Amino acid sequence: MGILIAAAVIAIISVAVGVLLGVLNDRFRVETDPREEKVRACLAGSNCGGCGYAGCDAYASAIVQEGADPSLCPSSDREEIGKIMGVSLAPSVRLTAFVKCSGSCAKTTQDYSYFDEKDCRIAYLAPRHGAKSCSYGCCGFGTCALVCQFDAIRIIDGLAVVDREKCQACGKCVGVCPNGLIELIPYDASYAVRCSSHAKGKLVRSACQSGCIGCGLCSRVCPTGAISVAGSLASIDQTKCIACGECVKKCPAGIIVKLNDKAADLFQPS
């Protein structure tokens, strides 16, 4: 009899609590704008935080409720978000991270042995920003790979390399690289300069077999003026590049690479 009474009491309390929760839910329910769900569906869904918000839900809410910039997520359908919000937005341009360095262990020399913590940000504080002779190059300890939640960066022979297909362009690797070697470029870009050294030609050659010597040959043969050389380093204006490939033919250092060429891609999936 005692067991039956206890069970009845528990059942009554459970029903009472359920009814109370239902009443409270109706009374204190916060109405959400239906556009938030639609905007959320246009986002990447990775919750990477690259937009500066806690996740995709928070960003969608900020777009609808606070008028946040709808172009902060490079992987979103920005044009569709514009339609939902009743504004005109240009279509999204897919971006990908690119490491501006060719200095693998096989191509660079070392000035000393580094035994400190294997963190690029700590190695950057060491003489010449690490053991490699080129102070502008990749430290090779993979801090960028550690912050990438998409497994899009690997360290191959002491050099950070990006898997373009996995990259979501969240920008975390860009922010964490102490040497500023990583930038976001259009996914469909044809060519890029895989070097960041501003040293003079002779010093570049002594430190790395694949460094830009600032000769300017690429700039002189470019028919659209897409390539400029400043501080002994070539750079490509992707808005002007017509993918003719003349710069690659003339580059004596071989540091202008064709990005969609699998044969030239340093990334080798495991």
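Modeller: A polar contact is a pair of N or O atoms within 3.5 Å; within protein, one must be able to donate a hydrogen and the other to accept it, and residues adjacent in sequence count only if both atoms are side-chain atoms. This is a predicted model, in which local features need pLDDT of at least 70, side-chain atom pairs count only at pLDDT 80 or more, and totals for chains, interfaces and linings use all residues. Residues are numbered from 1 along each chain as its sequence is written, and side-chain values use heavy atoms, with hydrogens and water left out.

Colleague: Which side chains does the polar contact of 3.4 Å join?

Modeller: The side chains of Ser210 and Lys107. Ser210 sits in the loop between helix 8 (201-207) and helix 9 (217-221); helices (H or I, at least four residues) and strands (E, at least two) are DSSP runs, numbered from the N terminus.

Colleague: Is Ser210 buried or exposed?

Modeller: Buried means under 20% relative accessible area, exposed over 50%, and partly exposed in between (1.4 Å probe, protein chains only). Ser210 has 9% relative accessibility and so counts as buried. Leaving aside residues up to four places away in sequence, Ser210 touches Ser102, Lys107, Arg194, Ala253 and Ile255, where contact means heavy atoms within 4.5 Å.

Colleague: How do helix 2 and helix 3 cross?

Modeller: Two packed helices are described by the angle between their axes and the distance between the axes. Here the axes of helix 2 (residues 34-42) and helix 3 (residues 56-66) come within 8 Å and cross at roughly 125°. Axes are lines fitted to C-alpha atoms, for helices over the stretch in contact, with angles from 0 to 180 degrees between N-to-C directions. Helix 2 and helix 3 are therefore oblique to each other (under 35 degrees is roughly parallel, over 145 roughly antiparallel, 65 to 115 roughly perpendicular, the rest oblique). Arg35, Glu36, Val39 and Arg40 of helix 2 meet Cys56, Asp57, Ala60, Ser61, Ile63, Val64 and Gln65 of helix 3.

Colleague: Which residues are buried in helix 3?

Modeller: Cys56, Tyr59, Ala60, Ala62, Ile63 and Val64. The buried residues of helix 3 pack against helix 2 and helix 4 (78-85). Just after helix 3, Gly67 has a positive phi of about 70°.

Colleague: What is the phi of Asn47, and of Asp151?

Modeller: Most residues other than glycine have a negative phi. Asn47, not a glycine, has a positive phi of about 50°, and Asp151, not a glycine either, has one of about 55°. Asn47 lies in the loop between helix 2 and helix 3, and Asp151 in the loop between helix 6 (143-147) and strand 2 (153-156). Asn47 is partly exposed at 39%; Asp151 is partly exposed at 36%.
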